[in-house]
Amino acid sequence: MFDPDIAPSGTLLGLLQRGRGDGTLHALAAPRAEALAALHHCVLRDPRRDWQVENRSLYYARLCLDLDAGLDEIEQHLFHPDDLINDDEARTGLALSVLGHLAAYGRADALRLLRRYAAAGSNWEWALDELALRDDDTGLRGLAPAILAHFPETPDGDAALATVVRGAYEPRPWRLWADHPRHGPRVRAAAERGAFDRWQRQLRPSGPRPGWSVRDILAWAQREHELKPDARRPDAAARCLAAVAGPEDRPELLTAAASAPGAARAAALRHLAETGDPEVLDLIETAVTEPDASELVSQAALSAFERMRGIAALDRARVWAHRPDALGDAAAAMLACRGGQYDSQLVLAALRRTVRAEGPDAQTLWTLVDGAGRLTISCAAPVLRHIYRETASSHLRGRAARALAATDPSFGAGFAVECLWDCEESTRELAARHAATADARVVEQLRRLAADPAEEAEVQTAVRSRIGPEAPGF
């Protein structure tokens, strides 16, 4: 994840970077050269905060079609000399995905460009996945020599090939090449080696075994964390403790949750929280607020609290929700998810406080926005509209739209209209159910979504519920 440079929300570039429906509408009304410049800026400089989960490719591909955009800029970006030294897939992934959608819409130039890049580009795996969904068998078979040339016929090259074949997102090309008279034996051998490697790993587990005690599991969690800090061993250890720990182990677990080394303490805290131990809430508060607590322990304590489902946790959340720290944020999030109508003021206060202190892109806003919608807090509508307009996260904007649908009577005739062009399919689905059809643009866009083969099934189902044979105005 990274923080891209996002333009103000009132500009065409800012709207397109955010993936807002108004971005498409403004681009179609703007001078074509200005619209194309903003579109290419987005495609070639991925504006997403988390490119692995946020959608933009179909949104930009549709705008490419509407503007009849050429592919020269994308071609120059893909084959720029930087591609030889920068193999970060985030540099080219969005452009390749846009080409994939354009190819699915019948743009032969996009298909040819994908084939060229798959044969010569550093991010060839992404391009190959796009082609696996859109190209014919003949086109894919023709790529076999160029792709296999990435792997020299040496032990290391064969091992790398086996890893790629085993982890292929779209296996269709490899299956085609496995039947090729010349390349088939090598591809089949790589597939067999990948299966054998997986079998060997299953035969040599390195985690806890039957007969391990609570002490053994906690020691394993700490030891493995020191070797691999990013492996999340405390979570695995907590799951093992659920199968091993009994009432007689409670004193040891309480001691570990209070003073054990980081990973062991995190595992004990999570286990005690999941079992609803009456002392765990005090231990969580200490772990989060003590001055010398490590980030691992404090984050584990917050995560353990967020997982709790008992009445005691809710009561404590009402006490903590006033705190201006991470514990207060977690408490407000719990009330947003599980609180009652009488918790609305606490959730609303936390929502306003977070926007003022951290802006419209704070991670803690996600749950609070959902809570505002779940609790139907009508007073939250102005804050939700601000988040909708300003956030750079298309997922958070979609959550704000869902909350507005529950809290703002003007949503159907307002934001719901532009949401029909939004980059996120879940937001388009919401709009298809709520957008007021008095606007002629709504009727036209609903028909377009219903006929678009690239549109998600959930969106089309929502559209058809509005434009059925007996629906008025269609």
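I looked up Thr376 and got 46% relative accessibility, so I put it down as partly exposed. I should also note that I am working with a predicted model.

I found Thr376 in the loop between α24 and α25. Its phi is near 50°, which is a positive value in a residue other than glycine. α24 covers residues 365-374, and seven of its 10 residues are buried, so I can call it largely enclosed by the rest of the structure. I listed the buried ones: Leu365, Trp366, Leu368, Val369, Gly371, Ala372 and Gly373. What sits over them? I noted α22 (326-338), α23 (344-358), α25 (381-390) and α26 (394-407) as part of the cover.

**Entry: another positive phi**

I also checked Asp68, a residue other than glycine with a positive phi, near 55°. Asp68 lies in the loop between α4 and α5. Is Asp68 buried or exposed? I got a relative accessible area of 58%, so Asp68 goes down as exposed.

**Entry: the whole chain**

I stepped back for the overall numbers. I counted 30 helices and zero strands. There are 474 residues, and 50% of them count as buried. Along the principal axes, the C-alpha atoms fill a box of roughly 70 × 65 × 45 Å. I then looked at contacts between residues at least 6 apart in sequence, and 65% of these join residues at least 24 apart.

**Entry: helix α3**

Next I checked the length of α3, residues 32-44. At 1.5 Å a residue, its 13 residues should span 18 Å, and I found the end C-alpha atoms 18 Å apart, which agrees. Which residues of α3 are buried? I wrote down Ala35, Leu36, Ala38, Leu39, His40, Cys42, Val43 and Leu44. Their packing partners are α1 (12-18), α2 (21-29), α4 (57-67), α5 (72-78) and α7 (89-104).

**Entry: cysteines**

I wanted to know about disulfides, so I took the cut-off of cysteine sulfur atoms within 2.5 Å. How many disulfides does that give? The count comes to zero. For Cys64, I found the nearest cysteine sulfur, that of Cys42, 10 Å away, and Cys64 is in no disulfide.

Cys64 itself is in helix α4. I got 2% relative accessibility for Cys64, so it counts as buried. Leaving out residues up to four places away in sequence, Cys64 touches Leu39, Ala69, Val98 and Leu102.

Cys42 is in helix α3. Its relative accessibility is 0%, so I have Cys42 as buried too. With residues up to four places away in sequence left out again, Cys42 touches Leu13, Leu16, Gln17, Pro47, Tyr60 and Leu94. I also looked at Cys42 against Arg175, 133 residues apart along the chain, and found their C-alpha atoms separated by 35 Å.

Then I turned to Cys419. Cys419 shows 0% relative accessibility, so I count it as buried.

**Entry: α28 against α30**

I took α28 (residues 425-434) and α30 (residues 457-466): their axes come within 8 Å and cross at roughly 5°. Angles under 35 degrees count as roughly parallel, and I therefore put α28 and α30 down as roughly parallel to each other. On the α28 side, I listed Glu425, Arg428, Glu429, Ala431, Ala432, Arg433 and His434 as making the contact. On the α30 side, I have Glu458, Val459, Ala462, Val463, Ser465 and Arg466. How do the residues of this contact divide? I sorted them into five nonpolar, two polar and six charged.

Notes:
Residues are numbered from 1 along each chain as its sequence is written. This is a predicted model: local features need pLDDT of at least 70, side-chain atom pairs count only at pLDDT 80 or more; totals for chains, interfaces and linings use all residues. Side-chain values use heavy atoms; hydrogens and water are left out. Axes are lines fitted to C-alpha atoms, for helices over the stretch in contact, and angles run from 0 to 180 degrees between N-to-C directions. Helices (H or I, at least four residues) and strands (E, at least two) are DSSP runs, numbered from the N terminus. Angles under 35 degrees count as roughly parallel, over 145 as roughly antiparallel, 65 to 115 as roughly perpendicular and the rest as oblique. Contact means heavy atoms within 4.5 Å. Ala, Val, Leu, Ile, Met, Phe, Trp, Tyr, Cys and Pro count as nonpolar, Asp, Glu, Lys and Arg as charged, and the others, Gly among them, as polar. The expected span of a helix is 1.5 Å times one less than its number of residues. Buried means under 20% relative accessible area, exposed over 50%, partly exposed in between (1.4 Å probe, protein chains only).
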